[in-house]
Amino acid sequence: MRKAVLTQPFRQFTMRTIQDLIKPKVRKLAPYTLTPHRTRIKLNQNENPFDMPESVKTEVLHRLAEREWSRYPDFIPVQLQETLARFAGWRADGVLVGNGSNELIQNLLMVMVAEGTPVVLSEPTFTVYRLMVETLGGEVVNIPPRADLSYDLAAIGEAACRTNAAAVILCSPNNPTGVTVSEADVRRLLAEFDGLVVVDEAYYEFCGQNFVRLLAEFPRLVVLRTFSKAMAMAGLRVGYLLGAPELVIEVNKAKLPYNLNFFSMAAATVAVEQYETALKPLVELLIAERHRLETAFQELPGFRLVPSAANFMLVEALRHTPKEVFESLLAESILIRDVSRYPLLERYFRFNVGTPAENDAFLAGLRLLSER
Ligand code: PMP
């Protein structure tokens, strides 16, 4: 006779739903989404409207053809780190390369933010910061900007010190407002607050200002950059972090191995090599177009343009809702960003500077609307 095998019952008596398994803070979050519209003119993602110049593409394809695709990329992308270090004016062991700067924002926050960790932001700003802080269980301490949308550095510093925040994240120029933070303000924050000060320089090429030269003086400063905007490489996903080597060692622990493929690495290397000849003239043209648009808006009733140091601008719609502006332009196959759901921006939309012809079409679309 076989003995009956008695097993311990392990069935749970109350069955949890999938929702029960998700952290409450994550359940409450709205995802970062973007409706995919296909339009003739696309001014909604702050991309470079000029494609990557042919000379860069040809050289990248040549380098790819010579490389064995069956092999992993370098474990540590030393060559790209060195290229970026020279380009930015910082040390190579203080450079971390990411699959877009989004990934580096995530990695940086992963090694700092635990349940309840305060992080200071000034919203409206890039929404991924809050999304990541809250996903990791941290607490966003939000210090709204002044009425003109400029950073309120005194209030930011006060809140950072009072809450003993792990970090303050400043975006300069800020997405979506286009405002910059002054060097005096960043210096003061670094001198008086003992957490990290992260400056996201995703759009620095358009504003003539950057904070890299403060890195040697302040090891708690972190600078984030991307190849997705001025560098015309949003499709290839490359970003980089500049910081103290001892910080880079820690952030690197949160990064997945081989996060960057060798196509993107080669493209970033060649883009830097050819920046002065191939890309900088396009950046200069976009800045000139930004000035032209500023002038044109003075003649456009019903819209108030917020001065911007980036390749995009915020506009207050005085006679229509942002949704009406969005839809009216969409009917002309022009895509902009309705940012009315951002805090303080109920009446605003954002557009990025396009090619001269695209900007003409955009202005014509707005003129049509203002006559209606
Ligand atoms: N920072 C800011 C301020 C941005 O606006 C963006 C993209 N919209 C990013 C970071 C992310 O860029 P990437 O494509 O490098 O992930």
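How far is a nitrogen atom of the ligand from an N or O atom in the side chain of lysine 229? In this predicted model, the separation between the ligand nitrogen and the side-chain atom of lysine 229 is 3.0 Å. On its own, the ligand would expose 400 Å², and the protein buries 93% of that area.

A polar backbone atom of serine 101 lies 2.6 Å from a ligand oxygen, and for asparagine 102 the distance between a polar backbone atom and an oxygen of the ligand is 3.0 Å.

Turning to the overall layout, the protein chain is divided into two parts: domain 1 is made up of residues 27-50 together with 277-370, while domain 2 covers residues 54-273. The centres of domain 1 and domain 2, taken over C-alpha atoms, are 24 Å apart. Where the domains meet, 27 residues of domain 1 are in contact with 32 residues of domain 2.

Definitions and conventions: Residues are numbered from 1 along each chain as its sequence is written. This is a predicted model: local features need pLDDT of at least 70, side-chain atom pairs count only at pLDDT 80 or more; totals for chains, interfaces and linings use all residues. Side-chain values use heavy atoms; hydrogens and water are left out. A polar contact is a pair of N or O atoms within 3.5 Å; within protein, one must be able to donate a hydrogen and the other to accept it, and residues adjacent in sequence count only if both atoms are side-chain atoms. Accessible areas come from the Shrake-Rupley method with a 1.4 Å probe; for residues, only the protein chains shown count as cover. Domain bounds come from an automatic or database domain assignment. Contact means heavy atoms within 4.5 Å.
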